[in-house]
Amino acid sequence: MAGATLLHSLSHYLLPSQARPHSLISHCWFPFHRFSSPNCFFHSLSPNKLPPLAVGAQARRGLSSKTSNDDLASPADLCFEPPLKVVEYPDPILRAKNKTISSFDDNLKKLVDEMFDVMYRTDGIGLSAPQVGLNVQLMVFNLVGERGEGEEIVLVNPRITRYSRKVVQYNEGCLSFPGSYALVERPDAVKVDAHDINGARFKVGFMRFSARVFQHEYDHLQGILFFDRMSDEVLDSVQGDLEALEKKYEDRTGLPSPERISTRKRRKAAVGFGKL
């Protein structure tokens, strides 16, 4: 029952910011700044106790030698015109491949600023680049969800290197699925390798709510949407919402929906984590 109480108390963090009680938000600890690599970063209800997956940052420059030129974002891939708008399901941009960022310049900083503006304007707490129409490996989040409060987190080219064995369910929402909320199961903690906004590479650990928000945005960078991780029973509860978004897309574009929830195959086994 204690676990169920904790789950219930944290699940509404995914609701719009004005609905979140400040008494719970005050328990978060954020030693992380937008323009520098962290020494460590995590979310815990016991802020004085370091989690087992929090790790020291090991900053270094450069991209992985496995990254090919075809996978690198060009200047055109990072070209944008403000104000940015949230891309909604079932736009194919949300399923497209997202390229690795290799240029850490003023344009990238401007893009990050614009993404935070969109996130706050839409009462979000996290946002990925494909959600604003740019297929690159970039995410931002602020667990408090209010400008001037909490910490603004920026991760470029993130990769998960380790998951915890413990998995938990929370009630998630998504800016690309306005008005839809449902239970999603995810690991309780992750280790991550990423670049900061200046191009320095570092390793960091996330746990509990910060791990959940990170994984939700990380999925977007893999072309995975939050309903892909729902059980069939949970998915049934939001099918009407998804069908309404499919119709909205068709009415707006005059094109057939690129995917339909009604034809989605039933899964025979639980989905794993990372790539589906």
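Modeller: Let me start with helix H3, residues 106–121, which lies across S1, S2 and S3 and runs at about 45° to S2. Please keep in mind throughout that this is a predicted model.

Colleague: Which strands does helix H4 lie across?

Modeller: Helix H4, residues 208–221, lies across S1, S2, S3, strand S6 (189–195) and S7, and its direction is at about 100° to S3.

Colleague: And in what order do the strands of that open sheet come?

Modeller: The order is S1-S2-S3-S6-S7, which makes 5 strands in an open sheet with antiparallel pairing. Strand S1 (126–128) and strand S7 (201–207) stand at the edges, and because each has a single partner strand, one side of each is left without a neighbour in the sheet. On average, neighbouring strands in this sheet are turned by 40° against each other, if direction is ignored.

Colleague: How many bridges join S2 and S3?

Modeller: There are 4 bridges, formed in the antiparallel sense between strand S2 (residues 138–141) and strand S3 (residues 153–163). Val140, for instance, has Val154 in S3 as its bridge partner.

Colleague: Which residues have the most contacts inside the largest nonpolar core?

Modeller: That core has 23 residues, and Val140 and Val154 are again on the list, together with Leu111, Met115, Val136 and Leu138. H3, S2 and S3 each supply at least two of the core residues, and H3 gives the most, with 8 residues. There is also a second, separate core of 19 residues, including Ile125, Val190, Ala194 and Phe214. As a general background, nonpolar side chains tend to be buried together in soluble globular proteins.

Colleague: Switching to the serines, is Ser128 buried or exposed?

Modeller: Ser128 counts as buried because its relative accessibility is 0%, and its place is in strand S1. Beyond its neighbours within four places in sequence, Ser128 is in contact with Met115, Leu138, Met139, Glu217, His220 and Leu221.

Colleague: Where is Ser176 found?

Modeller: Ser176 is in the loop between strand S4 (167–173) and strand S5 (181–187). Ser176 is buried as well, with a relative accessible area of 0%, and among the residues it touches, not counting those up to four places away in sequence, are Val86, Glu88, Tyr89, Gln131, His220 and Leu245.

Colleague: How many disulfides does the structure hold?

Modeller: The structure holds 0 disulfides. As for the cysteines, Cys79 is exposed, with a relative accessible area of 55%, whereas Cys174 is buried at 10%.

Colleague: Last topic, then: what pLDDT does the chain average?

Modeller: The chain averages 81, and 71% of the residues score at least 70. Over residues 1–33, however, the pLDDT is below 50, although this stretch has 69 contacts in the model beyond near neighbours in sequence. Residues 37–59 likewise stay under 50, and there the model has 72 contacts beyond four places in sequence.

Technical notes:
Residues numbered from 1 in each chain as written. Predicted model: local features only at pLDDT ≥ 70, side-chain atom pairs only at ≥ 80, totals over all residues. Heavy atoms only, no water. Buried < 20%, exposed > 50% of the residue type's maximum accessible area, 1.4 Å probe, protein only. Contact = heavy atoms within 4.5 Å. Disulfide = S-S within 2.5 Å. Pairing = 2+ DSSP bridges. Axes fitted to C-alpha atoms, helices over the stretch in contact; angles between N-to-C directions. Core = buried A, V, L, I, M, F, W, Y, C linked by side-chain atoms within 4.5 Å. pLDDT = per-residue confidence, 0-100.
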